[in-house]
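Please examine the sequence and the three-dimensional structure shown below.

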Amino acid sequence: MDECIFCKIVDGQAPAIIIHKDEEVTAFRDIHPVAPTHILIVPNKHITSVNEINPNDEPLMGRLFTIARVLAEKEGVSQNGYRLIVNTGPHGGQVVYHLHMHLMGGQRMRHPIG
Ligand code: 5GP
Ligand code: ZN
């Protein structure tokens, strides 16, 4: 996926503030944060959106949640809570077509969902 910005970030070919990196998952700060903590958690392998998830991706998808939990603790937002969002397709507001989970916290989320 030569033109995918998140693949480039995962590969170290585009800059980002990396918060977490392992063999399967990378997390980095959103370039336009909408909350004091706004992190994007992505699978290292290119999955375009939730529409392209296969059953054998289930452990990887579960790992996104585990990393979200760990990073929420590290960011100090666990107690007050946070919001996890995975936008999918045009109606879901997806802009970057490499599956990613938003982790947002540090303030009460104001904007309504929907
Ligand atoms: P989506 O609407 O696809 O769920 O969210 C895409 C998110 O990626 C947006 O919040 C946007 O600010 C963020 N983003 C887009 N391009 C870049 C980039 O090059 N670097 C980083 N760190 N975040 C990006
Ligand atoms: Zn990608």
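Is R29 buried, partly exposed or exposed? R29 is partly exposed, because its relative accessible area is 30%; here buried means under 20% relative accessible area, exposed means over 50%, and partly exposed lies in between, with a 1.4 Å probe and protein chains only.

## Basis of the report

This is a predicted model, in which local features need pLDDT of at least 70 and side-chain atom pairs count only at pLDDT 80 or more, whereas totals for chains, interfaces and linings use all residues. Residues are numbered from 1 along each chain as its sequence is written, chains are lettered from A and ligands numbered from 1 in the order in which they are written, and side-chain values use heavy atoms, with hydrogens and water left out.

## The sheet

Five strands form an open sheet in the order β1-β2-β3-β5-β4, with antiparallel pairing. The edge strands, each of which pairs on one side only, are β1 (18-21) and β4 (82-85). On average, neighbouring strands of this sheet are turned by 15° against each other, direction ignored. Two strands count as paired if DSSP finds at least two bridges between them. Strands (E, at least two residues) and helices (H or I, at least four) are DSSP runs, numbered from the N terminus. In general, strands of a sheet pair through backbone hydrogen bonds, either parallel or antiparallel.

Strand β2 (residues 25-29) and strand β3 (residues 37-43) run antiparallel and are joined by five bridges. Within this pair, F28 stands opposite L40 in β3. Strands β4 and β5 also run antiparallel, and four bridges join them. The bridge partner of Y82 in β5 is G105.

## A helix on the sheet

Helix α2 (residues 58-75) packs on the sheet and touches β1, β2, β3, β4 and β5 (101-105). Contact means heavy atoms within 4.5 Å. The direction of helix α2 makes about 155° with that of β3; axes are lines fitted to C-alpha atoms, for helices over the stretch in contact, and angles run from 0 to 180 degrees between N-to-C directions.

F65 lies in helix α2, and F65 counts as exposed because its relative accessibility is 52%.

## Salt bridges

Side chains of opposite charge can pair when their charged atoms come close. A salt bridge is defined as a side-chain nitrogen of Lys or Arg within 4 Å of a carboxyl oxygen of Asp or Glu. A search of the whole structure finds five of them. One joins R63 and D22, whose closest N and O atoms are 2.6 Å apart. This pair links distant parts of the chain, since R63 is in helix α2 and D22 is in the loop between β1 and β2, 41 residues apart. R63 counts as partly exposed because its relative accessibility is 26%, whereas D22, at 12%, counts as buried. D22, E24 and R63 are linked in a network of salt bridges.

Another salt bridge is formed by the side chains of E75 and R29 (2.8 Å, N to O). E75 lies in helix α2 and R29 in strand β2, so this pair ties together parts that are 46 residues apart in sequence. E75 counts as partly exposed, because its relative accessibility is 25%. R69 and E73 also form a salt bridge, with their closest N and O atoms 3.6 Å apart. These two residues are separated by about one helical turn, because R69 and E73 are four residues apart in helix α2.

## A loop residue

Where is T48 placed? T48 is in the loop between β3 and α2, and T48 is partly exposed, with a relative accessible area of 24%. Leaving aside neighbours within four places in sequence, T48 is in contact with Q94, Y97, H98 and L99.
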